[in-house]
Amino acid sequence: MELVVNIALTLLGFGALLCFYRVVKGPTIPDRAVGVDTLMMHVVAIILLLGIKGETRIYMDAVISIAILSFVGTTGFAKFIAKGVIIDRDRS
Amino acid sequence: MIEIAVSILILIGVLFIVTAAVGVLRLPDAYCRAHASGLSSTLGLLSVTLAAIVYFTARDGSLPISLLLVALFIFFTGPIGAHMLTRAAYFIGIKQHEGKAVDEMADYVPPRD
């Protein structure tokens, strides 16, 4: 299982590089937002695998907070690129 | 036995997440990229979380509640985030790629210039 976790971490680092290329290159703003979203998924998976590899449970609280921050960031970014503001008052 | 199950779950999950990354890199426009990211990385992250749940339950003998919360949260919020990004991209007038793209929403909500 040690070998499988190492291979998985290598693949996830490679995938994070691909997402980072899309964040830097992306022609429009939603492309960059999608790249950041996928990058945060990679970060959550990497921290879970580091917890399995190090045989410790102390990373799991970090995992839940990073997952929540990822969702809040994606939602805020979507609101921002739709209307230009994040918290709006027009109740539509 | 537990290690084989955890290894298979980790491999399935990482395969889906890296597939999402390749889709984000290779697909032609923002809608296709959000599709790849939102579907594939949600399933892959669920599988990796399930692997961690199985591993820590077998090692310690107690269920990790915070990982169950993570699995439930990702299962609900991954598609919601992808949907909101795609909706915002449509409303600011991001063009679809050239080819066989069909804009069925233009009959109901015209995109803003």
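This is a predicted model: local features need pLDDT of at least 70, side-chain atom pairs count only at pLDDT 80 or more; totals for chains, interfaces and linings use all residues.
**Chain B, overall**

I began with the fold of chain B. I found three helices and zero strands. Read from the N terminus, the order of elements is α-α-α.

Next I looked up the dimensions. The C-alpha atoms of chain B fill a box of roughly 60 × 25 × 15 Å along the principal axes. The radius of gyration of chain B is 18 Å, whereas a compact globule of 113 residues would have one near 13 Å.

I then checked burial and contact range. Of the 113 residues in chain B, 40% count as buried. I took the contacts in chain B between residues at least 6 apart in sequence, and 62% of these join residues at least 24 apart.

**Where A meets B**

I turned to the contact between the chains. On chain A, 41 residues are in contact with 41 residues of chain B. The elements of chain A that give two or more residues to this side are α1 (2-25), α2 (29-54) and α3 (60-83). Which of them gives the most? It is α2(A), with 15 residues. I also sorted this side of chain A by residue class: 28 residues are nonpolar, eight are polar and five are charged.

**Helix α1 of chain A**

I checked the length of α1(A). Its 24 residues reach 35 Å from first C-alpha to last, close to the 34 Å expected at 1.5 Å a residue.

Then I listed the buried residues of this helix. They are Val4(A), Ala8(A), Leu12(A), Gly15(A), Ala16(A), Leu18(A), Cys19(A) and Arg22(A). For the spacing I kept the helix rule in mind: with 3.6 residues a turn, residues three or four places apart point the same way. I asked what covers the buried residues of α1(A). The cover includes α2 of chain A and α1 (2-26) of chain B.

**The nonpolar core**

The largest nonpolar core has 54 residues. Those with the most contacts inside it are Ala45(A), Ile10(B), Ile17(B), Ala52(B) and Leu85(B). The largest share, 12 residues, comes from α2(B).

Leaving aside neighbours within four places in sequence, I found Leu85(B) in contact with Pro30(A), Ala33(A), Val34(A), Thr74(A), Ala78(A) and Ala34(B).

**Pro30(A)**

Why does Pro30(A) count as buried? It has 25 C-beta neighbours inside 10 Å, and the cut-off for buried is 20 or more.

I looked up its contacts, not counting residues up to four places away in sequence. Pro30(A) touches Ile81(A) in its own chain and, in chain B, Ala30(B), Leu85(B), Ala88(B), Ala89(B) and Ile94(B). I also took one distance. Pro30(A) and Ala78(A) are 48 residues apart along the chain, and their C-alpha atoms are separated by 8.1 Å.

**Glu55(A)**

Last, I looked at a backbone angle. Glu55(A) has a positive phi of about 55 degrees, although it is not a glycine. Glu55(A) sits in the loop between α2 and α3 of chain A. Is Glu55(A) buried or exposed? Glu55(A) is exposed, because it has 9 other C-beta atoms within 10 Å and the cut-off for exposed is 12 or fewer.

Technical notes. Residues are numbered from 1 along each chain as its sequence is written. Chains are lettered from A and ligands numbered from 1 in the order in which they are written. Two residues are in contact if their C-beta atoms, placed from the backbone, lie within 7 Å. Helices (H or I, at least four residues) and strands (E, at least two) are DSSP runs, numbered from the N terminus. Ala, Val, Leu, Ile, Met, Phe, Trp, Tyr, Cys and Pro count as nonpolar, Asp, Glu, Lys and Arg as charged, and the others, Gly among them, as polar. The radius of gyration is taken over C-alpha atoms; the globule rule is 2.2 Å times the number of residues to the power 0.38. The expected span of a helix is 1.5 Å times one less than its number of residues. A nonpolar core is a set of buried Ala, Val, Leu, Ile, Met, Phe, Trp, Tyr and Cys residues joined through C-beta atoms within 7 Å.
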